[in-house]
Amino acid sequence: MTQYAALIYTADTSPTAETGTLYEEFGTNNAASIRGGAGLHPTSTATTVRVEGGRGGDVVTTDGPFAEAREVLAGFYLLEAADLDEAVTIAAQIPGAWGGSVELRPTLDM
Amino acid sequence: MTEASSALAETVRDEGRRVLATLIRTTGSVTLAEDAVQEAVVEALEHWPVEGTPDNPRAWLTTVARRKAVDMIRRDAHRTDKEAAAMDLTGPAPDLPESVVRDDLLRLVFTCCHPSLSHASQTTLSLNTLCGLRVADCARLMLTTEAAMARRLGRIKHKIAVAGIPYRIPSDAELPERLDAVGSTVYLMFTAGIAGEAVRAELCDEAIRLGRLLVDLMPDESSLQGLLALMLLTDARRTTRTDVSGDLVLLADQDRTQWDGALVAEGLGLVETALTRSRHRAGRFELQAAIAAAHASAASSADTDWADIVRLYDALLLVEPTDVVRLNRGVALGERDGPAAGLAAIDDLDGLGRFHLWHACRAELLVRLGRHDEARTAFDSAIACSPPAADLRHLERRIAAIR
């Protein structure tokens with residue numbers, strides 16, 4: 001089994017009640033493969049933190065996301081699947097993939 | 001290379017590929033299996049010329065490759081003997097039935113052409129893993145340096161390992177789409193060879209080799225027969241496509257007596273089988289091969305059955321509705337119904353303004369209609385699209401000819 005982060009990129013908006021229902025449905029249908037995850041508030045709520053000069057340096061915070069983009073990280077799942085084909089099948093059912101896209105990244109063992 | 005040693009190298013390569021496919025399944029690691037088979041192949045090329053080729057070359061290579069794999073696992077401090085035992089590598093090599101070996105090879109084909117890899121990665125990996133080309137040769141064919149190629153292959157194999165790209169034959173439901181990816185990869189490899197400034201013959205040869213392997217592995221797939229036929233019929237014209245100075249010779253002006261008769265015959269036979277088998281559901285490869293066959297079986301350009309070719313393009317448009325196919329159909333129409341009809345069909349296409357062949361085809365039809373000023377303008381537009389050097393020289397000659 002391999003673990004994947006399924007990173008959901010969509011338009012930068014708050015989810016509607018309708019998308020909430022769709023995600024609930026996805027969660028129920030794929031409970032066996034979902035190891036974790038969360039939806040995110042829009043990037044207008046984001047704060048970006050950077051430590052300048054490396055460890056122990058100055059903490060600099062900026063209002064907003066790391067980078068402005070048309071599609072932004074809107075949520076993620078941690079999935080477990082036998083192989084990439086199975087992970088793709090699951091990712092294709094994430095509502096965010098229907099209008100936006102889902103990036104699958106294998107996770108590092110830590 | 002002498003004939004005997006080249007035949008030996010061929011055997012080692014073919015058998016090595018089969019041994020590799022099985023060892024990948026056993027060890028679950030492309031890299032480990034490749035290193036082990038590579039060492040076994042080196043040993044074979046040292047021993048066989050002296051001691052003679054063993055009765056069962058595959059069994060010999062399998063035994064040596066498995067021993068090498070165990071050695072490698074032992075050398076790797078992170079692994080244990082138990083792993084080698086768990087992989088079932090330590091006992092005597094099992095005598096695998098041909099069907100298992102075939103399926104292992106198929107798994108490898110589908111892994112190399114997995115849709116999560118870019119087309120360039122699929123081609124690169126196929127050359128290295130399926131064709132068994134050394135990194136230096138892959139680099140030469142893909143027009144890059146050996147170091148860059150080694151890095152690229154490393155990245156691809158790393159992705160296969162960590163992203164969990166499966167090593168299996170797709171289910172029946174997935175097969176058509178995945179088979180299409182496999183066919184596209186092989187055909188891209190072939191066209192990359194043809195489109196090269198000097199035809200990169202080896203790239204064409206490797207693509208044909210893979211095409212043969214696929215037909216051999218999946219004898220019921222008409223699309224693969226079509227693909228192989230298309231490559232053979234195109235390849236049969238290889239030497240007549242350019243003249244001694246490397247300039248382009250159009251199909252109509254090629255010396256048909258110089259076409260490779262054996263390749264044409266084999267291609268025509270395959271087209272017939274592919275069309276019979278696919279019946280009314282012929283895909284793009286079967287239809288493109290049928291068009292190539294119509295050209296190949298005409299004694300001269302004037303003898304070509306253009307009505308048949310237009311009909312085949314109509315069928316092709318149903319499965320591949322692109323402007324490039326419409327352009328080719330327009331040219332065929334110009335032969336069947338005269339230049340005015342062809343020009344009207346081509347002028348209807350408005351998405352090809354940046355494609356030099358669209359302008360060039362318009363120009364040729366305008367020449368035939370006696371509209372020389374417009375033809376010159378169209379040739380100039382073709383040149384403005386910065387075509388490949390051989391096409392550019394051809395266009396310049398054509399402009400000079402109508403002055």
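pLDDT is the predictor's confidence in each residue, from 0 to 100. Chain A has a mean pLDDT of 93, with 99% of its residues at 70 or more. This is a predicted model, in which local features need pLDDT of at least 70 and side-chain atom pairs count only at pLDDT 80 or more, while totals for chains, interfaces and linings use all residues. Residues are numbered from 1 along each chain as its sequence is written, and chains are lettered from A and ligands numbered from 1 in the order in which they are written.

**Stop 1: chain A**

Select chain A and colour it by secondary structure. Following the sequence, the order in chain A is β-α-β-β-β-β-α-α-β. The C-alpha trace of chain A spans about 45 × 35 × 20 Å along its principal axes.

Of the 110 residues of chain A, 18% are buried. A residue is buried if 20 or more other C-beta atoms lie within 10 Å of its own, exposed if 12 or fewer, and partly exposed in between, with C-beta atoms placed from the backbone. Two residues are in contact if their C-beta atoms, placed from the backbone, lie within 7 Å. Among contacts in chain A between residues at least 6 apart in sequence, 73% join residues at least 24 apart.

Now colour chain A by confidence. Confidence is lowest in strand S4 (residues 58–63) of chain A, at a mean of 92, and highest in strand S6 (residues 101–106) of chain A, at 97.

**Stop 2: where the chains meet**

Show both chains. The predictor gives the complex an ipTM of 0.84 and a pTM of 0.80. Six residues from chain B and five residues from chain A make up the contact. On the side of chain B that touches chain A, four residues are nonpolar, two are polar and none is charged. In this scheme Ala, Val, Leu, Ile, Met, Phe, Trp, Tyr, Cys and Pro count as nonpolar, Asp, Glu, Lys and Arg as charged, and the others, Gly among them, as polar.

**Stop 3: chain B as a whole**

Chain B has 19 helices and zero strands, and its C-alpha trace spans about 80 × 45 × 40 Å along the principal axes. The mean pLDDT of chain B is 89, and 97% of its residues reach 70 or more. Of the 403 residues of chain B, 38% count as buried. For contacts in chain B with a separation of 6 or more, residues 24 or more positions apart account for 58%.

**Stop 4: H6 and H8 of chain B**

Select residues 119–130 (helix H6) and 146–162 (helix H8) of chain B, which pack at an angle of about 100° with their axes 10 Å apart. H6(B) is therefore roughly perpendicular to H8(B). Angles under 35 degrees count as roughly parallel, over 145 as roughly antiparallel, 65 to 115 as roughly perpendicular and the rest as oblique. Axes are lines fitted to C-alpha atoms, for helices over the stretch in contact, and angles run from 0 to 180 degrees between N-to-C directions.

Show the side chains of B:Ser121, B:Thr124, B:Leu125 and B:Asn128 in H6(B), which meet B:Arg152, B:Leu153 and B:Ile156 in H8(B). This contact has three nonpolar, three polar and one charged residues.

Centre on B:Arg152 in helix H8 of chain B. B:Arg152 counts as buried because it has 20 C-beta neighbours inside 10 Å. Its C-alpha atom is 8.5 Å from that of B:Thr124, 28 residues apart along the chain.

**Stop 5: B:Arg200**

Move to B:Arg200, in the loop between helix H9 (175–195) and helix H10 (201–217) of chain B. With 19 other C-beta atoms within 10 Å, B:Arg200 is partly exposed. Leaving aside neighbours within four places in sequence, B:Arg200 is in contact with B:Leu141 and B:Gly193. The C-alpha atoms of B:Arg200 and B:Met142 are separated by 10.0 Å, and the two residues are 58 apart along the chain.

**Stop 6**

Select residues 356–368 (helix H17) and 372–384 (helix H18) of chain B, which pack at an angle of about 165° with axes 8 Å apart. H17(B) is therefore roughly antiparallel to H18(B). The contact of H17(B) with H18(B) has eight nonpolar, four polar and two charged residues.

End at B:Ser386, in the loop between H18 and helix H19 (389–402) of chain B. B:Ser386 is exposed, with 11 other C-beta atoms within 10 Å. B:Ser386 is not a glycine, yet has a positive phi of about 40°.

Conventions:
Helices (H or I, at least four residues) and strands (E, at least two) are DSSP runs, numbered from the N terminus.
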